[in-house]
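Please keep the structure open beside you as you read.

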Amino acid sequence: MNDKKVDWGAYGYLFPVVGIILCFHVLPIFYSLAISFYEWDLMSDPQWVGLDNFRRLADDPMFYKSLWNTFYYAMVSVPLSIFAALGVAMLLNNPISGIGIYRTIYFLPVITSINAVAIVWNFIYHPDYGLLNKLLALADIGPRLWLQDPFWAMPCIILMSVWKGLGYNVVIFLAGLQNIPKYLYEAATIDGASRSQQFRSITWPLLSPTTFFVFVMSAIGSFQVFSQIYMMTPRGGPMKSTMVIVFYLYQKAFVKFEFGYALAIAFVLFLMIFGVTLFNKLYLEKKVHYS
Amino acid sequence: MKNSYHLVVHFLLIVGAVFMLFPFLWMITTSFKSEDEILKTGKEIVLLPDAWRPGFLNSAEDDERIRQTEIQRKAWEEQAALPPASRTKRLSKPFSTFDNFREVWDKQDFYRYFLNTLYVSITITITSLFLASLAAYAFSFFKFPFKDAIFMLLLGTMMLPQQALLIPDYILLSKLNWVNTYAALIVPWVASIFSVFFLRQFFLQLPKDLFEAATIDGCSRFQFYYKILLPLSKPPMVTLGIFTFLGSWNSFVWPLIVTNDKELRVIQVGLSYFNSESGTQWGPLMAASTLTILPLVILYFFAQKQFVESQATTGMKE
């Protein structure tokens, strides 16, 4: 490595990866920006429409509905998943036996395919034969329509999604908790700090980089939710109550073949995710406590 | 004091574990149930399929029901043994243990989806490991112009949301006439920047002298790669391999979009079609779901550590 000689062969080693990335990840971005100014169904020639796709988007009530549904999904599922995962991680951070077994079980949904588990939850939520209504019947709570009910469809999908992703966040939180030096707790115990005081003044502040990481990743993930919506409410839910932005994009592009319009939606999705990343960089990173 | 606290911790963790596991148990048990057992309305919850129940759990009614099924089965078998022309009654076949699995594996062509997915996932895993290790090798051992610029460009593309690229990628494929080909399922996924990044981190930790000593001894660039570097990088390769295989096995949206030919269908897409077409055939649906997650769950129990690592170090979720 000391010699100044240039290894031209390096480009040969890089070529396959860089070539494919350029083709499928870099050039499409510019291409898609261009297409969002056209009306195009892939069959006929693209028609230049200027900013029409974006203007249409601004007047499209279904687009606003899908935006709102996406935010609803994110605002409920992200905090719920963070607090549940933090709770489980704190339980697992005790010197108890069987940690490995618990971790295996909590992580299991993470590795299984979302489609397969969505089908089981469909069955659990089934109004007539589903387990949920049968369990509620034991407590004399009347049956609900769950996924066919405009009010309950989204909460049902959120519960399933939190269940699916919980183990991932647990593992991340557990790693964060184990990085907090033990002597801090020992010193606090000697000073007579209660468990809740220890949580507030040691665990929560020192864990903030982890919490923050989980928050950003979960928020970005939740903006892109699609598979469970598609599997559990194939038409976007009763009264379009689970129509989220990616589902709307999918319908416009691959069901209605309005590619220009769908790309305008994709552009908004991109801005949302970019916004979270920017918020992260400009605001939150300064407030987070890095030890 | 300490002990009772730990008891509470265990209790809470077990309650959580039941909640995490129950959907899987429900999936597996339901896949062994007959339609009669599944389509029960009212309050009764049937936990175990008839096929599994040890005799001592049965009430007199259960025994009677099972006896009736046996009579039905005998009658059906007698009818089926006769040549079609001399069959007097049209009897329906009583349920036997693996019927739901047989239904999806043979009649719904899941064996085909299974093989397609296996082929696509294995090809992607091996190719992407190979290409990523080549690129990581260049990034960590070679000197060349624009090295940092190319690396930053690659890292930058990792920030892009996958869903936003679906449409332009699809248009590109349709222009290449790749829609409905295995190439469409495989080629865009054999270049993994994350794998390049991950392997580069590993390579940079190796002692520099290794490379110099080998070069002085007359080892060519490529010889160093496959004789020294590859054997050394088994652990990160295993982690990445699992990560990649898992991702390809579970990938859904991309195959849904780029294939509609039944011959090319992968298992996640097959599952989604079956889900929308099958109505209330919950038994076969659960059998299909069980088959879909089975290979991963088996792998998971053998290599838990690598699974958790592969997911947790990546910071990626679907």
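Arg56(A) lies over the face of Tyr261(A), 3.8 Å from the ring centre. In chain B, the charged end of Arg265(B) sits over the ring of Tyr273(B), 3.9 Å from its centre. A charge counts as over a ring if NZ of Lys or CZ of Arg is within 6 Å of the ring centre and within 35 degrees of the ring normal.

A word on what you are looking at: this is a predicted model, in which local features need pLDDT of at least 70 and side-chain atom pairs count only at pLDDT 80 or more, while totals for chains, interfaces and linings use all residues. Residues are numbered from 1 along each chain as its sequence is written, chains are lettered from A and ligands numbered from 1 in the order in which they are written, and side-chain values use heavy atoms, with hydrogens and water left out.

**Aromatic pairs**

How many aromatic pairs does the structure hold over all chains? There are 64 of them. Rings of Phe, Tyr and Trp (its six-membered ring) pair if their centres lie within 6.5 Å; planes under 30 degrees apart count as stacked, over 60 as edge-to-face and the rest as tilted.

The rings of Trp121(A) and Phe19(B) have their planes at 75 degrees and their centres 6.3 Å apart, so this pair is edge-to-face. The pair crosses between chains, with Trp121(A) in helix H5 (residues 114-124) of chain A and Phe19(B) in helix H1 (residues 2-31) of chain B. Helices (H or I, at least four residues) and strands (E, at least two) are DSSP runs, numbered from the N terminus.

Phe32(B) and Phe101(B) form a tilted pair, 5.1 Å centre to centre with 45 degrees between the planes. This pair links distant parts of the chain, 69 residues apart: Phe32(B) is in the loop between H1 and helix H2 (35-38) of chain B, and Phe101(B) is in helix H4 (residues 99-107) of chain B.

Buried means under 20% relative accessible area, exposed over 50%, and partly exposed in between (1.4 Å probe, protein chains only).

| Residue | Relative accessible area | Class |
|---|---|---|
| Trp121(A) | 4% | buried |
| Phe19(B) | 38% | partly exposed |
| Phe32(B) | 11% | buried |
| Phe101(B) | 14% | buried |

Ring pairs also build a cluster, whose members include Tyr13(A), Phe130(B), Tyr137(B) and Phe141(B).

Back in chain A, eleven of the eleven residues of H5(A) are buried, so this helix is largely enclosed by the rest of the structure. Among them are Ile114(A), Trp121(A) and Ile124(A).

**Pocket and cavity**

On a 1 Å grid over the protein atoms alone, a cavity is a set of points where a 1.4 Å probe fits but cannot get out, and a pocket is an open set with protein on both sides within 12 Å along at least five of seven lines; lining residues have an atom within 4 Å of a point. Grid points are joined across faces, edges and corners, and a volume is the space filled by probe spheres set on the points.

The second largest pocket holds about 910 Å³ of space. It is lined by 34 residues, and those closest to its centre are Ser34(B), Pro94(B), Phe95(B), Ser96(B) and Asp99(B). Two or more lining residues come from each of H2, helix H3 (60-81), H4 and helix H15 (282-302) of chain B. Where does this pocket lie? Domain 1 (2-81) and domain 2 (104-312) of chain B both give residues to the lining, so the second largest pocket lies between them. Those domain bounds come from an automatic or database domain assignment.

By residue type, the pocket lining divides into nine nonpolar, ten polar and 15 charged. Here Ala, Val, Leu, Ile, Met, Phe, Trp, Tyr, Cys and Pro count as nonpolar, Asp, Glu, Lys and Arg as charged, and the others, Gly among them, as polar.

A search of the whole structure finds one cavity of 30 Å³ or more. The largest cavity holds about 100 Å³ of space. Of its 14 lining residues, the closest to the centre are Tyr129(A), Lys134(A), Trp26(B), Ile38(B) and Val46(B). The lining of the largest cavity divides into seven nonpolar, two polar and five charged residues.

**Backbone**

Leu42(A) has a positive phi, near 80 degrees, and is buried at 14% relative accessibility. Phe146(B) also has a positive phi, near 65 degrees, but is exposed, with a relative accessible area of 63%.
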